Each structure stands twice: as structure tokens, then as C-alpha cells.
Amino acid sequence: MASITLDKIGKIYSGGTRAVGDVSIDIADGEFIVLVGPSGCGKSTLLRMVAGLESISEGTVRIGDRVVNDMEPADRDIAMVFQNYALYPHMSVRQNLAYGLKNRRTPKAEIDRRVAQAAEILQIGPYLDRKPRALSGGQRQRVAMGRAIVREPAAFLFDEPLSNLDAKLRVTMRLEIKDLQRRLRTTSIYVTHDQLEAMTLADRLVVLNGGRIEQIGTPLEVYRKPASTFVAGFIGSPAMNLISNRAVPHLPGTAHAGTIGIRPEDLTPAPDGPIDMEILAVEELGAQRLVHGQTGGERLTVTLPSGVELPRTLRLAWRPGSLHLFQAESGRRID
Amino acid sequence: MIENRPGLNLLAHLTLMLGVVVVALPVWVAFVASTHTATDFMSGTIPMWPGPHLLENYGRMLDSGVSTSGMPPVGTMMLNSLIMALLIACGKIAISITSAFAIVYFRFPLRRMAFWCIFITLMLPVEVRIVPTFQVVADLGMLNSYAGLSVPLIASATATFLFRQVFLTIPDELTEAARIDGAGPMKFFRDILLPLSRTNIAALFVILFIYGWNQYLWPLLITTSSDYYTIVAGIKRMADAVDGLPQWHLVMATAMLAMLPPVAVVIGMQRLFVKGLVETEK
């Protein structure tokens, strides 16, 4: 167990392209940090730099109180779970779990004890003597996590571990990972592009865009007070409506803002509301419906309860205090 | 092509049968010849059915050989061939798998050039460079030795290229997982790469064993002592009887015997062989 400190780290590839720049994060012991962002935002590169699979061009990475910049991955006391599981196909599940320990010359009895323990935690006992080929996706993912657990490392690193699973299994495994991390209290860094996964798993979220940090905070902080238009549009589903100030004039207190953000669930129909929306499309989700429309040339989405007859145009009002205001040029939040 | 017309089926089968006949007939003739006496072939008509002298002919070849043409018994030549084929096959596999490992997994200066240099040797088989190679082997004093028979044939661009392709299909994550699991390069090679390329090694072994076994020109050139005659080159020497008629029945018996080890290797390793050539999932 250990804290992890990233101090102004950056990655420049040999061609001169910058993938990550000026990233500083302090991760407390036992904390679950999720790196989230669209593809190509540098989140995987960042994780791989912590793991030691990519060299660090700038800054320092500390695990515990050791600077690990020039250490081999095996010496960093971390364990990693890969997207495609990366199980050794020719070894049984038991051998897969034991391989890392064997390389560290752990005594045989200790290996057996830890493998048995991990198998019990993850309920993979019955498969210990099978080859990975004979396992389903979810079981393979469990084995991959088992391989991380048996090492009893200072930190777990997860690289989009659930992306290869089907939607239903993903939800189950998400809960299992959260539960597991709570029980083991191991510092974890988890990379995903799925904002829902990020929200549900994280103690703190790190939203990345273009190799830089947009915002760090607890899921609720990030949801309630997105620091920029990028975060506002990325976190939350359906995404926050971001409309130009000019499209909806006369909203009180918005004169100095360039962009106004309103969450779809914060909009409600009101006969004398200030926003007039022309309805373009409706998505029925069962319990509720998403109504897409436009006002003053800007797209707008509203979450409404289903079952009500919809007119051609809707007049809308927003919940008081639910407006998010952003600067015109920088897109930063105005408080 | 999925068609279900009896006429086409018949045609396909006839073609296949014709193919089998074309391939099998010479073998059959050789077998028949090995069961007759020498005089039966001088009569003008070649017999097409086995004669009564099978045990006698094979017994003679295995036991004493044809001493008149300076031949050792077939057993010795078979053993020489076996040693040469095994040395070539194992040597080629060992050298090419390690060089492929170096080329795929290590970043060193001139890596690409090293690869292309290996690749270019594809254009220089033994037959092309046979005179200089003979000179080198002679200067090293390796004439009439197993090393001389096998070493010049061991370098193999094809096998290196094959292993390179195999290694490239192994996902990077597996390499990274092994690094995190604390496996150094050699451990990774032994614990992950070798087991994963097992079937490819087997397939290559079959091909290379037959390649080695069938070597003709090179052994013919560098062996002058009958202790190192190989079977394939030996057959040729036997057929070249100087004073007198070639003993066709004995030559054919030797040819039949020479075919057995490659056949045994193919049959014994058939399953791995096919798997190695077909399997893509890693």
C-alpha cells in the first residue's frame, strides 16, 4: 500500500509529438482514482508511464516515497490489469496467477496460500486448472484481476479492463471491482473512456483532454461544478446542453458568460418559461424520454417523464440555481 | 465452392485419383524393383508385381551393403543421414528462433539492416555459393565430419522470417504483462515465447528434417570417406557402378529404406504440423 505522486509529468514521443503535458496528481493511500477522457487524450499513456511501460519524458513519479522514473515495471511494486486480459494462453489459471510470484522467488507454500486466497475472493476456484481458452470473458477478467491480487502490490493499475465485456457483464464486474477495492484498500488507478464507469467507480475523477488535466474532483463535484465546457459536455448522460449566450438572450445574470450550460434534467416544461424549443426528435427510454429540439439555432435536449402527449413546441424553464456559466474564449467556468 | 452436381464430383475425384497415380507409380515401381533379382530387369519387360526376393534384397542391404562399389552398409549411411538431418533441423530452429527473438524484441542500432541482411541470404542457397563454401569448410578442416555436413546448411532466412511473423502475432500486452510479472528477456523467451511457438517449431522441424535428409549435392561434395556417406548421396554412388551393370534391385531397396525416416517423421508429427501451419489464435 502506498500513495502515488505524479509531479508535472509529460510524455513527448521521439517524433516530437506531445501526448501528455504538465500532469500533477496526488493520490492518497487506498484511493481509487479514475482517469477519464475521450480516446487519444493521453489517459492510457499516463497509466503506462506509472506502470513503467512507457518512459517518462518530464517530471517525476513517486510510488510511496521512492522515485520510480528509472525503475523496471517489475520493481515498481504495481500490478496491472489489461483490456484484453493478457493471460498467458499456454498456462493454466493457477500457473497464470503464480507466474509473477514464482519469478520473485516466493516460497512455494506462500504462493499456494495466496493463489487459494485470490481464487476464493474472486470465486475462480473451480477453474484453477483450466486454460484461459476454456473460460468466458468475465472469468478471464477475474483471472486477470487475480493475477494482480496475488502480488499484493502497492497499487493496481487498470487499463480499460471492462471494454471487452458485454454491457450487462460490465455492470456486474464494475460493482465487483469497486467492492474488491474497498475490501483490499489498495491504491488504484483506473483508465476508462466510459463516463458512467468513471462516475460509479471513482473516489476522485481526473478528466483529461488533449494530454492535459481539465479537472480533478469527486464524481459529484465534477458533475455539479464542471470546470470547463469540455468537462460539462463529457461527464453526465445525456450530456449537458451547452448553448451560446446569444441564442437565448435575456436570461438573468448571464450577461458576462459566453456559454451557458443546463443539464437536460434541470429543464422542465413551464407555460411562461423563457426558452421556446421546437421539438425535432424523441427517444423513449422507458421510465423517461429524451426530447431533442432546437432553440435560436442551438440544439437542446430535455429529460421528461414519458407518457405525456407532446406538442410541436415546448416552453421550458430551468430549476433555479442550476445554470452553469462559462467564459467565451477559454471555456472555463465562471462562479 | 459449394456445388452439388454428381458430374462435377466425379470429375474432381478422377482428377484426384490421377494425381495419386502420378505420385505413387514411381514409388510402386521402385518397390516392385526392390523385390526382384538383378536379372529380371535386363529381360526387356519391367515387372509390375512384387517378386519373391524382398527379404533377401533388404537383408543384404541392411547387413553388408554392396561392398564391390565401396559402399558401407545401409545402416551406417542411414545413421549419417539421420545425424545430419537432425543437426540441420535443430540447428536451424535454434539459430533462427534466437535471431527472430533479437530482431522482434530488442531495439539495437542497425536492427533493420540485420534483418535485411538475413533476408538477402534467401537469394544465396548453398548451390549458388558452393565453391567458396567448400573452400571455407576445407580450410577449417571440416571435410568428412558431421560439422562439415551440417554447419554450412544451418543458417536460414526462411525460418527466421517465419519465427518473426509468429512473434509479431503475439500481443504486446502479453509481453508487458510478463515484464510486470518480473520476467526478464531470457525468462520471457523460455516461459512465454517457446511454449507459444511450440506448434510452429514442430511444423518447421518436419520441413527442415526432410530438407536436411534430402541434401544431395553438398554431402556428395565434401564426403570422401565412406564413414560419412549419407544415404541420398550413397544411392547415387551405388548406381554409378563402374565395371558392370547397376544393381537396380539393390539400389531400389536402398531408395525404399531411405524414404522411411522422412515418412515416419511426417506421420508422427502430422497433427502438430497441421496445427502449426493453420493455427492463428494466440
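Analyst: Contact means heavy atoms within 4.5 Å. This is a predicted model, in which local features need pLDDT of at least 70 and side-chain atom pairs count only at pLDDT 80 or more, while totals for chains, interfaces and linings use all residues. Residues are numbered from 1 along each chain as its sequence is written, chains are lettered from A and ligands numbered from 1 in the order in which they are written, and side-chain values use heavy atoms, with hydrogens and water left out.

User: Which residues does B:D181 touch?

Analyst: Leaving out residues up to four places away in sequence, B:D181 touches A:Y88, A:Y99, A:G100, A:N103, A:R104, A:R147 and A:R151. B:D181 sits in the loop between α8 (172-180) and α9 (185-196) of chain B. Helices here are DSSP runs of H or I with at least four residues, strands are runs of E with at least two, and both are numbered from the N terminus.

User: Why does B:D181 count as buried?

Analyst: Buried means under 20% relative accessible area, exposed means over 50%, and partly exposed lies in between (1.4 Å probe, protein chains only). B:D181 has 3% relative accessibility, so B:D181 counts as buried.

User: And is B:P109 buried or exposed?

Analyst: B:P109 has 72% relative accessibility and therefore counts as exposed. B:P109 lies in the loop between α3 and α4 (111-120) of chain B.

User: What makes a set of residues a nonpolar core, and which residues have the most contacts inside the largest one?

Analyst: A nonpolar core is a set of buried Ala, Val, Leu, Ile, Met, Phe, Trp, Tyr and Cys residues joined through side-chain atoms within 4.5 Å. The largest has 83 residues, and A:L6, A:L35, A:L46 and B:F167 have the most contacts inside it. Its largest share, ten residues, comes from helix α3 (residues 74-105) of chain B. A second, separate core of 43 residues includes A:A79, A:V115, A:I149 and A:L205.

User: What does A:L35 touch?

Analyst: Not counting residues up to four places away in sequence, the residues touched by A:L35 include A:I25, A:L46, A:I189, A:V206 and A:L208.

User: How do you know that β6(A) and β7(A) pair?

Analyst: Two strands pair if DSSP finds at least two bridges between them. β6(A) and strand β7 (residues 155-159) of chain A have four bridges, in the parallel sense.

User: Why are β6 and β10 of chain A called edge strands?

Analyst: In chain A, six strands form an open sheet in the order β6-β7-β8-β3-β9-β10, with mixed pairing. β6 (78-81) and β10 (212-217) each have a single partner strand, so one side of each is left without a neighbour in the sheet.

User: What is the order of the five-strand sheet, and which strands stand at its edges?

Analyst: The order in chain A is β13-β17-β14-β15-β16, an open sheet with antiparallel pairing. β13 (267-269) and β16 stand at the edges, because each has a single partner strand. The twist averages 50° from one strand to the next; angles run from 0 to 180 degrees between N-to-C directions of axes, which are lines fitted to C-alpha atoms, for helices over the stretch in contact. β13(A) pairs with strand β17 (residues 313-318) of chain A over three antiparallel bridges, and A:P269 has A:L316 as its bridge partner in β17(A).

User: How many bridges join β15(A) to β16(A)?

Analyst: Eight bridges join strand β15 (residues 288-295) to strand β16 (residues 298-305) of chain A, and the two run antiparallel. A:T295 has A:E298 as its bridge partner in β16(A). The hairpin has two residues between the strands, and A:G296 takes a positive phi near 50° there.

User: Which domains does chain A have, and how far apart are their centres?

Analyst: The assignment, which is automatic or from a database, gives domain 1 (4-231) and domain 2 (238-334) of chain A. Their C-alpha centres lie 37 Å apart. The contact takes eight residues from domain 1 and ten residues from domain 2 of chain A.
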